[in-house]
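Have the structure open while you read.

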Amino acid sequence: MKNIINCLVENEPGVLARIVGLISGRGYNIETLNVGPTLDRQVSKMTIVVLGDEKIIEQVIHQVSKQVNVIEVVNMTKKRHLNREMILVRVASKDHAARIEIVDLANLFDASVIAVQEDSVTLQMVGDQEHIADFLRLFTPYHIIDISRSGVIAVGREDVNGNG
Amino acid sequence: MKKEIKNKKFSDGEIAERSGAQCVVDGLVKAGCDVLFGYPGGAVLDIFNCLYDAPFHFVLPRHEQGAVHMADGYARATGKVGCCLVTSGPGATNTITGLATAYMDGIPLVCISGQVPLSMIGNDAFQEADVVGITRPVTKHNFLVRNVDDLPDIIAQAFYIASTGKPGPVVIDIPKDIQRQTTTCIEPDTVEMRAYKPHVDFNPAEIEQLAALINGSHAPVLYVGGGAIAGDAAGEITELARKADIPVVTTLMGLGAFPEDDPLALKMLGMHGSAAANYAVDRCDLLISAGARFDDRVTGKISEFAKRAAIVHIDIDRSSVGKSVRCDLGVVGYIKPVLQALLPLVKQTKHSEWVEQTTRWKERHPFSYPDKGEVIMPQYVVEQICAVSNGKATVVTDVGQHQMWAAQHYTYTRPRSFISSGGLGTMGFGLPAAIGAKFGCPDDPVVCVTGDGGVQMNFQELVVPVEHKLPLVIAIFNNGYLGMVRQWQEIFYSTRYSGVALGQEGRLRMQRIEEASGYLPDFIKLADAHGAVARRIFNKSEVTPALQEAFESGKTCVLEFIVDPEANVFPMIPPGHDVSSMMLRSV
């Protein structure tokens, strides 16, 4: 099962390496990872998506919580939350007809065209995990030249203690 | 990220400029360091220059691994934070095994390493290694100091992190230029960290539930680990066991947390534990784990472990609760206040039938070994060490068969009297750790129980106690084999002895060493070259007098016992099996 884990960490060199090393060193695979600053300049938020059963995730959360630079760890999957990921996809378009087909499909997903070349269209799409999976599935018949994903970010629906 | 500039000054307004190197020494003094184990080198010359005037004792090991094991032995014997100092590059990489050893057993250490100057980091400079990178998985925390103003805080934080919560080793990597720069920042009086909050308030409702479980149990067992010793809770363990009449089993790390001369003591459990301890865990209806972590050497087959019992985990480390074995009630907190809160809620009671049953197991299956006349049985040597020292010695072991015999055949009655690498199982730990323990507790008799394999891994450290005129007894159990591996090859690999023979080229299988020609190495000559008193003992009748002489000599004494090469450690539960597969003796 996919779990979205939010960690508030002190913004110090080496914290990212410590947390990633801890998870990978136990043989668990990180699916996506996103790190960014928060309003407090000394604190960063990491969003880690890990695959695993409940027992594995519980261990990951305990082990991460125990790190000296970690302020708080929340399993977002366990509470009401919103999650989004951005993807950039470059799709081959051999002629004008193909281009129109791609743009039509993109419109259905509220994806926007951010670049057009002679032989390709680059799309930007933001959505939750399900939405993105649908998008990618429907684009599979086309020739996807390149794809980049931002990794999931998540925020709590109702704020409990300020850090959701 | 640039930190805010601190403006901590002396209160009278006088600004004292100190070098980073001086901050290291002052920080160690402030933290209460009384012995520093260190090895110099280019990247720590400035710190060594300041050590010249330091008020604490400095000890020079002969290898950085020895420095860390000594600091570790010191920490285990005293309960204080062990301190060591090494140079950059190879100096720091040589500490890895020692750090991992301390990390696995939750031992508080602060290890300071020199680093190449900040501007040269990443340039493959001479004696450069990415020390925070390499030590990350084997430390509780580590620091790379980037600003000399941070140094006094970091040193205080390192001691705080090492000694609180579940203790562990902390590395501070200090670039050479930081050591030479000056600062007006001073040591903080208290440490406050934003993210690290080791204080844990246990939940009183859980204590009530635990008391109810104990009061309702007919066949309880206390399963005590190293956490009870680290948490200074041996007194509370003993009080609880006696008040509620609960038999006690201990892990290797928990030996000494409960006096083994008490009728309730069932001694060690697990792979090489006593039959009584393993039967009791198998049959009990309530297993209370106190500062133990359900290691695979303890549990064997997880699904069969204490399968009839409600299992309670008491641990300071939340991640240990329910990690490998099911947990019916978890109590997260410091063990001493948890037990103090529990004690008044527990009824004074007797479990006569249950205790009688465990006593019968104990009487029927004591730790035993065959009598082979004048051939020295290693177990006999351990018994005689206990007898000659009146059970007052601190026993420090290496890893292997002798470690298990030392755990089984000595009667431990006080915490910190058995020191051993439990989690990592580090051969080479024994001799340097014994030296560190002796520096920590100079008034206690200390004996290193080691093997002909393990002692060779750090033999060079023998010169240290000789130099410092330390009374220390080093008992080498020489069976001419890497005995524990040989035992596994005997039992699980059809006696195909591969890569385990020590000492004599062409020696017949299981031939006693003195019947073959020559000793390789000659431990007596080797000890003599290091300046220690040395003696080789062949016969059972010589064992006791030799030990008496060694303990009374006040010198560093090496006793080489030529023991039965065929001796095996029993009982034994094969790995991954349960108590029903326990082998009580050789078949």
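The notes below go from domains to a sheet, then to cores and the chain contact.

This is a predicted model, in which local features need pLDDT of at least 70 and side-chain atom pairs count only at pLDDT 80 or more, while totals for chains, interfaces and linings use all residues. Residues are numbered from 1 along each chain as its sequence is written, with chains lettered from A and ligands numbered from 1 in the order in which they are written.

| Domain of chain B | Residues |
|---|---|
| domain 1 | 18–183 |
| domain 2 | 204–364 |
| domain 3 | 378–562 |

The C-alpha centres of domain 1 and domain 3 of chain B are 30 Å apart. Where they meet, domain 1 puts in 24 residues and domain 3 puts in 25, a contact being two residues whose C-beta atoms, placed from the backbone, lie within 7 Å. On the domain 1 side, β2, α3 (64–78) and α5 (96–105) of chain B each give two or more residues, and α3(B) gives the most, with 11 residues. Helices (H or I, at least four residues) and strands (E, at least two) are DSSP runs, numbered from the N terminus.

Now for the sheet. Six strands of chain B make an open, parallel sheet in the order β3-β2-β4-β5-β7-β6; strands pair if DSSP finds at least two bridges between them. Because β3 (57–59) and β6 (141–144) of chain B sit at the edges with a single partner strand each, one side of each has no neighbour in the sheet. Inside it, β2 (residues 35–38) and β4 (residues 82–86) of chain B pair over 3 bridges, and B:G38 has B:L85 as its bridge partner in β4(B).

What about the nonpolar cores, meaning sets of buried Ala, Val, Leu, Ile, Met, Phe, Trp, Tyr and Cys residues joined through C-beta atoms within 7 Å? Buried means that 20 or more other C-beta atoms lie within 10 Å of a residue's own, again placed from the backbone. The largest core has 183 residues, and B:I237 and B:A475 have the most contacts inside it. A second, separate core of 22 residues includes A:C7, A:V64, A:V73 and A:M76.

Finally, the two chains: the contact between them takes 12 residues from chain B and 15 residues from chain A.

Key. Domain bounds come from an automatic or database domain assignment. A nonpolar core is a set of buried Ala, Val, Leu, Ile, Met, Phe, Trp, Tyr and Cys residues joined through C-beta atoms within 7 Å. A residue is buried if 20 or more other C-beta atoms lie within 10 Å of its own, exposed if 12 or fewer, and partly exposed in between; C-beta atoms are placed from the backbone.
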